[in-house]
Amino acid sequence: MYTDAVLNVFSQRYADAREKFMSATEMSSIVDKVNSYKHPLKGPKGEKLFCDIAWLGNITAPKVLVLVSGLHGVEGGIGSAIQSDFLSRYRRLPADVCVVLVHALNPWGLAWASRSDHEGIDVNRNFVDFSAPLPTSQSAHIWQDLINKKADIDAVGGNREQFDLLSEGQYEDQKALYFGGTKPSWSRECVEQLAGQLHLAEREQVMVIDLHSGLGPYGHGELISDHPVDCAARQSLVDIYGATLTEPVLGTSSSGLKQGLHDYFWHAQGDHVSFVTLEFGTFGSSEMLRALFADQQLQQQKVSWQDDKTREIKYAMQDFFCPDQKQWQELVLFRGRQVIEMGLNGLSGLDGHAHN
Ligand SMILES: [Zn+2]
């Protein structure tokens with residue numbers, strides 16, 4: 001369906017993904033500027049790491065569409081592909097919309113093929129108020145049962161209740177999965193700086209689309225809203241995306257209820273700011289837990305990319321979260337293009353195709 005040249009936007013590795021993204025920004029006639037936030041650490045080949053933010057179109061426009069990739073490091077290959085594809089396709093934007101592409105929000109995780117950041121933080125559980133008592137979770141016993149082999153991964157991955165509990169986010173055990181941290185992460189600080197630069201109070205409408213992979217059926221791009229069901233920001237998502245919007249709070253989503261989501265930061269910025277996750281499924285929850293469990297155990301040691309076992313675990317992470325399969329890549333690009341186009345049309349008041 002798509003040619004190899006079109007699908008060439010996909011990369012499993014950070015350095016390749018960044019090169020494609022940066023060269024696409026250089027080729028684009030609608031990029032106003034790129035801000036690069038340098039990460040304190042380096043990648044496995046000694047490469048420098050950045051979160052790059054490209055501003056497209058009229059940067060003071062009343063409406064803004066923000067597209068974020070790589071909050072969960074290793075998932076960045078898919079978001080980066082959608083962003084580079086977008087840069088190569090659009091020669092103009094609606095006059096009233098600015099587009100902001102946040103590339104590799106957690107560049108360390110993308111470079112090292114981890115879902116979490118360099119401090120073991122799941123950035124998508126990190127947006128809590130650290131000056132207040134932290135949320136509590138009952139998930140610790142599930143993790144301990146996995147470690148002690150009292151439970152097996154297929155049993156947890158195949159049980160929706162257990163899986164949702166394990167993945168809801170926890171703030172007690174830094175060595176376990178879904179750890180939300182004890183302070184704002186490096187990536188969260190990037191988000192906070194960006195929000196300041198966006199001058200949100202002066203905008204009419206803002207929509208953030210956060211690009212992820214791993215949950216749900218193979219190649220399916222699910223739009224997930226964690227807004228309360230009675231707010232205007234959620235209504236604007238329903239107006240644009242209609243019945244394809246899913247909501248954990250209503251039980252209609254592949255995702256369960258979670259603590260400390262990236263969503264909550266943007267929700268707090270006002271009713272004119274809506275946030276939606278676009279999540280692409282790959283090989284199911286049990287396979288995901290297997291890959292994450294192995295990587296989590298590995299991260300407790302000093303990681304050497306030269307070690308065969310390390311590379312085996314890391315390649316399994318890349319192949320799970322960004323499969324190098326034409327069929328999957330085509331599904332991702334088609335849905336990615338569709339969601340962005342509907343978002344742009346919806347924001348600019350043009351006719352989106354979801355209206356009913
Ligand atoms: Zn994710």
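Guide: Start with valine 99. This is a predicted model, and valine 99 sits in strand S4, which spans residues 97-103.

Visitor: Is valine 99 buried or exposed?

Guide: Count the C-beta atoms around the residue; 20 or more others within 10 Å make it buried. Valine 99 has 28 such neighbours inside 10 Å, so it counts as buried.

Visitor: How far apart are valine 99 and serine 185 in sequence and in space?

Guide: Take both separations together. The two residues are 86 places apart in sequence, and their C-alpha atoms are 25 Å apart.

Visitor: What follows S4 on the way to helix H4?

Guide: A loop, and alanine 104 is in it, between S4 and H4 (107-111). Check its backbone angle. Phi of alanine 104 is positive, about 60°, although the residue is not a glycine. Alanine 104 is also buried, because 32 other C-beta atoms lie within 10 Å.

Visitor: Where does alanine 113 lie, and how many other C-beta atoms are within 10 Å of it?

Guide: Alanine 113 lies in the loop between H4 and helix H5, residues 140-147. It has 30 other C-beta atoms within 10 Å and is therefore buried.

Visitor: Now zoom out. How many helices and strands does the protein have?

Guide: It has 13 helices and eight strands. Of its 356 residues, 48% count as buried.

Visitor: What does the radius of gyration say about the overall form?

Guide: Compare the value with that of a compact globule. For 356 residues that would be near 21 Å; the protein has 19 Å, which agrees. Its C-alpha atoms fill a box of roughly 55 × 45 × 40 Å along the principal axes.

Visitor: What share of the contacts joins residues at least 24 apart?

Guide: Begin with contacts between residues at least 6 apart in sequence. Of these, 77% join residues at least 24 apart.

Visitor: What is the mean pLDDT?

Guide: The mean is 96, and 98% of residues reach 70 or more. Look at residues 351-356, though: there the pLDDT is below 50, and the stretch has eleven contacts in the model beyond near neighbours in sequence.

Methods
Residues numbered from 1 in each chain as written. Predicted model: local features only at pLDDT ≥ 70, side-chain atom pairs only at ≥ 80, totals over all residues. pLDDT = per-residue confidence, 0-100. Contact = placed C-beta atoms within 7 Å. Helix = DSSP H or I, 4+ residues; strand = E, 2+ residues; numbered from the N terminus. Rg over C-alpha atoms; globule rule 2.2 N^0.38 Å. Buried ≥ 20, exposed ≤ 12 C-beta atoms within 10 Å, placed from the backbone.
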